[in-house]
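Please open the model in your viewer and keep the selection panel at hand. The tour below goes from one selection to the next and says what is found at each stop.

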Amino acid sequence: MSGALAQPALMLSLLLFTIGVVGVFLRRNVITVFMCVELMLNAVNLAFVAFSRQMGTLDGQVLVFFVMTVAAAEAAVGLAIIIAIHRHKDTLDVDAFNLMKW
Amino acid sequence: MIDTVVFYLFAALAAGSALVVVGQRNPLYSALALIVTMGSLSAIFGLLGSPFIAALQVVVYAGAIMVLFLFVIMLLNVKREDGESSQSPGLRTTAILLGAVLLVQAGTVLWAWQVAAPAGFDASAVKVAQALFSSRYLYVFEATSVLILAALVGAVALAKRER
Amino acid sequence: MSPLQQELAIAAVKVVAIFVVLLTLFAVMTWVERRALAFIQFRLGPNRTGPFGILQPMADGIKLFFKEEVMPAGADKWIFLAAPAVAVITAFMSIAVVPYGKPFHAFGREITVQIADLDVGLLYIFAISSLGVYGIVLGGWASNNKYTLLGGLRASAQMFSYELALGLSWVGVIMLAGSFRIQEIVTAQAGGLFHWNAVQQILAFPIYMIAATAEVSRTPFDLPEGETELVAGFHTEYSSMRFALMQMAEYVNMITVAALGSNLFLGGWLSPVPSLIPDSSLWFLVKLFSLLFLFIWLRGTLPRLRYDQLMQFGWKVLVPLAVLNIMVTAGALAFFPAGIRAFFGFGR
């Protein structure tokens with residue numbers, strides 16, 4: 001039924017991952033960079049589900065569950081950090097946070 | 001047949017909105033495009049025979065995480081990103097080129113991975129829950145609950161105003 | 001006609017029928033609400049337009065249709081236009097998996113009075129109600145008005161806080177029926193009044209009703225659209241048909257939540273005394289209308305909760321109680337020997 005779709009799904013997952021990676025390079029706003037990271041996580045989820053379908057095991061599904069949980073925790077903490085640093089610097093430009101740059 | 005058509009429809013939607021996420025200047029529109037991406041991914045999960053994960057994708061990602069993103073964007077009143085980037089245009093082109101290289105290289109490897117998918121695939125909610133609580137993943141499951149608790153406490157502590 | 005064409009035709013008829021019935025019910029509910037509220041408040045309510053004011057919803061519709069559509073200056077145009085659409089779309093998407101009556105036999109097959117009997121029906125409803133938050137958040141933001149923004153953010157925070165308690169109250173029901181499919185949950189309550197989930201999950205039913213009232217922003221939890229606070233909350237700047245769409249979304253959500261409550265907890269189309277009176281779709285309608293009347297009754301009787309009281313109640317009272325309910329249900333299912341389970345009619 002849906003087995004033949006797993007291969008195109010893998011290619012889509014790669015495409016989304018690449019778009020996410022390029023986004024992390026190119027964007028300057030911290031929140032947008034964070035959203036590109038979430039995009040990469042979603043691409044990985046798709047890869048897991050596609051592999052799970054291809055191998056016929058449920059390990060992929062369980063791992064997707066854990067990836068989602070960790071992504072939720074990371075999003076909460078990451079956004080709290082963004083709020084905190086916005087309070088200090090009043091900007092969300094990635095280039096402005098360069099105190100540790102040598 | 002209709003499965004394939006619907007799949008390519010949602011795949012196009014997902015890829016298109018991913019490009020909007022990366023390309024759009026206004027972070028609010030990027031967030032909305034990301035929600036569309038997650039929704040189409042949920043549809044694709046359903047097409048791949050995983051209804052439980054499809055529903056979870058909407059509940060957790062599109063319904064909770066993205067709401068959090070929207071809240072932060074609205075509270076911080078994030079404006080359009082414009083002005084000169086400190087990166088030179090050469091660096092940006094290199095980034096896009098490297099992305100294309102990644103796409104081509106990993107694409108050839110993945111394309112060579114042709115495995116016939118078995119027919120009887122049951123990933124319903126009951127089965128996935130059984131796998132989650134199986135001896136292999138039970139410890140990790142309990143550990144993620146501690147992780148979420150830590151994230152909860154951490155997020156509140158970080159976002160609180162210093163009085 | 002080939003079987004596929006038959007299936008498609010039946011599905012199309014179901015979609016049209018349920019859609020039309022719900023829209024009519026929405027119009028009738030506005031009238032019932034205004035009359036019932038009026039009687040509770042010792043006044044008459046609309047009684048001029050037609051006999052007993054029954055044409056009032058039609059008059060309202062015509063008035064709203066001819067009003068001028070205003071968009072505030074500086075409003076984000078596309079999001080302003082999209083927000084009521086998102087609210088209505090999510091409201092109507094969740095009506096698709098709720099059964100509205102007893103399955104019947106026709107054309108040589110059993111036809112469920114439900115558009116789509118998903119294997120993960122309850123999870124689907126949870127997912128769609130999570131998406132319902134966006135209509136409010138985007139509507140509040142797009143109006144370029146600090147009152148609507150605050151109203152929108154508060155409303156969405158309220159919605160997803162009580163969504164948690166709502167989902168947790170369902171878990172006990174799912175455990176008893178062993179499935180996420182709503183048809184199976186209804187049939188698992190067969191056997192009379194004491195097998196209904198309202199009796200077997202005696203803690204989860206009030207939690208569900210309270211969380212559902214908060215989820216659809218009805219009094220006592222209607223601070224988001226409280227008419228005397230925050231102007232009119234997140235839909236202040238909406239006029240004419242967009243306002244009508246937001247109202248439609250709210251009422252359809254209320255009807256869905258009431259229908260879901262009657263299916264999950266009150267046994268749907270099952271009769272309380274199956275030996276005396278048979279099951280029929282009329283029982284479902286009776287239960288649906290009683291729950292809808294309960295919502296109206298609550299609105300006329302209870303004062304509005306303050307926002308911090310509301311959030312405290314949701315997080316500190318409802319969620320722990322719902323978790324307690326899950327633990328007790330799981331314990332009863334796991335530890336009691338099969339004999340006691342059969343006696344109390346637990347589980348399958």
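**A helix pair in chain C**

Begin by selecting helix α3 (residues 77–93) of chain C together with helix α9 (residues 240–264) of chain C, whose axes come within 9 Å and cross at roughly 25 degrees. Because angles under 35 degrees count as roughly parallel, α3(C) is roughly parallel to α9(C). Bear in mind, here and at the later stops, that this is a predicted model.

Next, show the side chains where the two helices meet. On α3(C), select Pro84(C), Ala87(C), Val88(C), Ala91(C) and Phe92(C), which meet a set of residues in α9(C) made up of Arg242(C), Leu245(C), Met246(C), Met248(C), Ala249(C), Val252(C) and Asn253(C). Coloured by class, the residues of this contact between α3(C) and α9(C) divide into 10 nonpolar, 1 polar and 1 charged.

**Chain B by itself**

Now hide the other chains and display chain B, which has 6 helices and 0 strands, so that a cartoon followed from the N terminus on reads α-α-α-α-α-α. Oriented along its principal axes, the C-alpha trace of chain B spans about 55 × 45 × 25 Å. The radius of gyration of chain B is 20 Å, whereas a compact globule of 163 residues would have one near 15 Å. If you colour chain B by burial, buried residues make up 36% of its 163 residues. Of the contacts in chain B with a separation of 6 or more, 56% are accounted for by residues 24 or more positions apart.

**Where the chains touch**

Bring all chains back into view. Which chains have the most contacts between them? Among the 2 pairs of chains that touch, that pair is chains A and B. Select the contact itself, which takes 61 residues from chain A and 67 residues from chain B. On the side of chain B that touches chain A, the elements giving two or more residues are α1 (2–23), α2 (27–47), α3 (51–75), α4 (89–112), α5 (125–132) and α6 (138–159) of chain B. Coloured by class, that side of chain B shows 51 nonpolar, 12 polar and 4 charged residues.

For the last stop, select chain A and chain C, which no contact joins, their closest C-alpha atoms lying 15 Å apart.

Key
Residues numbered from 1 in each chain as written. Chains lettered and ligands numbered in written order. Predicted model: local features only at pLDDT ≥ 70, side-chain atom pairs only at ≥ 80, totals over all residues. Contact = placed C-beta atoms within 7 Å. Helix = DSSP H or I, 4+ residues; strand = E, 2+ residues; numbered from the N terminus. Nonpolar A, V, L, I, M, F, W, Y, C, P; charged D, E, K, R; others polar. Rg over C-alpha atoms; globule rule 2.2 N^0.38 Å. Buried ≥ 20, exposed ≤ 12 C-beta atoms within 10 Å, placed from the backbone. Axes fitted to C-alpha atoms, helices over the stretch in contact; angles between N-to-C directions. Parallel < 35°, antiparallel > 145°, perpendicular 65-115°, else oblique.
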